[in-house]
Amino acid sequence: MIDVLLGLQWGDEGKGKIVDYLATSYDIIARFQGGPNAGHTLYVNGQKVVLHTIPSGVFHAHCLNLIGNGVVIDPVTLKKEIDTILALQPDMLSRLFISQRAHIIIPTHRALDAASEASKGNDKIGSTLKGIGPAYMDKTGRNGLRIGDILADDFEARYNRLKEKHLQLLNQYEQVVDWQAWEEDFFKAVQYLKQLQIINAEYWLNNQLKQGKKVLAEGAQGSMLDIDFGTYPFVTSSNTISAGVCNGLGVAPTKIKDIFGITKAYCTRVGGGPFPTELMDELGEAIRKEGGEFGATTGRPRRCGWIDLVALKYAVMLSGVTKLIVTKADILDAFKPVEVCVAYDVNGTVTEDFPYDVCNATIKPIYKQFPGWENPTSKSTSQENLDPAFISYCNFIEQFIETKIEYISNGPGRDQLIHLK
Ligand code: GDP
Ligand code: IMO
Ligand code: MG
């Protein structure tokens with residue numbers, strides 16, 4: 001049986017913390033898409049760790065961790081991440097498995113990402129510049145290199161052929177970064193990765209399921225960054241919704257049971273693109289400050305605004321979310337009143353549907369106001385001591401989204417979580 005956990009907004013909903021918490025109930029944690037563009041934060045004995053490619057179950061001694069075929073891997077980032085984790089969790093390599101079908105990010109992918117973004121000027125996506133888009137383009141363009149290929153004798157020749165293709169593309173651009181400087185590290189990291197457990201992951205995972213093992217699929221990015229359903233073209237290059245689990249791990253939809261969807265109690269976005277409830281004023285700045293909203297991967301300030309129930313309901317529909325998790329509730333303790341977007345005015349027409357042409361439409365969010373709450377959620381340890389005003393706010397979200405809230409997260413720590421019965 002597989003459960004899924006994914007972000008319902010534009011990423012950074014707190015997936016790392018929640019997976020780390022839930023991992024006690026699972027045998028295997030599996031990443032199914034994305035790559036080092038992700039930054040999943042968790043705390044291990046008070047120490048902050050940010051994971052990019054490795055599943056967030058790695059700090060639990062009983063958990064096996066799989067990097068699935070749908071993930072794109074930068075060997076250099078992965079090696080660095082392994083080194084950091086090994087210092088804290090010396091047995092981690094024995095519990096780490098990588099699908100031989102996962103695609104590889106090579107230095108010229110990163111150079112292409114940077115050149116493409118620089119050429120877009122004001123229309124740039126605000127990519128993390130980790131080479132994600134170009135690597136997925138080579139995958140669907142049927143040119144890519146896969147992790148299994150690093151074990152082949154002619155890997156270097158295959159690498160050179162792909163690099164040559166990239167160099168022709170790079171010729172079109174004015175600004176090209178010094179990717180040559182990254183090649184030595186790349187080959188060192190590739191050499192290192194050869195000793196890892198590179199496996200036929202679809203067979204492995206299905207066998208584990210047959211044996212009754214419990215699997216949690218860990219999403220990266222968020223539903224509104226999905227390549228098909230996000231705010232295209234301001235999206236990432238993979239399917240971040242629950243449908244991506246089947247492609248990204250090689251499992252059938254009938255194996256999937258619960259789908260945990262995570263939303264912040266407000267909303268953030270990092271990079272370019274539409275964000276209907278963005279607050280461009282001091283209030284947005286205050287939320288950023290209170291929430292410490294700076295990117296875990298790039299350090300960039302995140303754009304902030306009120307929770308958007310139109311986008312959230314859309315994301316819940318797309319993934320069939322069965323259980324909602326609301327994170328960073330403690331951050332809203334500081335704000336009175338609190339607003340919730342319940343509809344859009346799109347070019348004069350009111351709708352509760354997320355529009356197709358979100359990049360060109362003029363969207364005015366329509367808000368419902370809540371007075372805020374006196375007893376801070378950050379001090380609550382159980383449902384019983386949550387402020388009634390906060391409970392009303394949660395009840396409203398549940399009714400609007402038609403999905404039950406299972407957990408409220410009220411701090412970054414593993415156990416700062418309230419289970420709602
Ligand atoms: P992810 O990409 O979804 O894993 O999220 P990030 O790690 O990029 O960003 C979430 C940030 O919020 C991290 O700094 C977490 O430590 C922090 N965080 C997670 N949940 C909570 C919460 O409930 N309250 C507070 N104050 N911080 C949280
Ligand atoms: P986690 O897993 C937030 C955003 C980038 C950019 C767009 C495309 O930590 O939630 P890409 O590098 O994929 O080409 O960038 O997507 N983005 C994220 N934003 N959290 C993430 O991951 C993100 N991964 C990519 O900022 O706007
Ligand atoms: Mg993140």
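**Exercise 1.** Count the salt bridges between domain 1 and domain 2, then describe their interface.

*Solution.* Step 1: a salt bridge needs a side-chain nitrogen of Lys or Arg within 4 Å of a carboxyl oxygen of Asp or Glu; between domain 1 and domain 2 the count is zero. The model is predicted: local features need pLDDT of at least 70, side-chain atom pairs count only at pLDDT 80 or more, and totals for chains, interfaces and linings use all residues. Residues are numbered from 1 along each chain as its sequence is written, and side-chain values use heavy atoms, with hydrogens and water left out.

Step 1: By an automatic or database domain assignment, domain 1 spans 2-100 + 198-259 and domain 2 spans 103-193.

Step 2: look for polar contacts (N or O atoms within 3.5 Å; within protein, one able to donate a hydrogen and the other to accept it, and residues adjacent in sequence counting only if both atoms are side-chain atoms). Seven residue pairs across this interface qualify, both residues at pLDDT 80 or more.

Step 3: take the buried area (accessible area, 1.4 Å probe, lost on putting two parts together, summed over both). Domain 1 and domain 2 bury about 2000 Å², 70% of it on carbon and sulfur atoms. Val-72, Pro-75 and Ile-198 supply 27% of the area that domain 1 buries against domain 2, more than any other three residues.

**Exercise 2.** Find which side chain has an N or O atom 2.5 Å from an oxygen atom of ligand 2.

*Solution.* For Ser-127 the side-chain distance is 3.3 Å; for Thr-128 it is 2.5 Å.

Key
Chains are lettered from A and ligands numbered from 1 in the order in which they are written.
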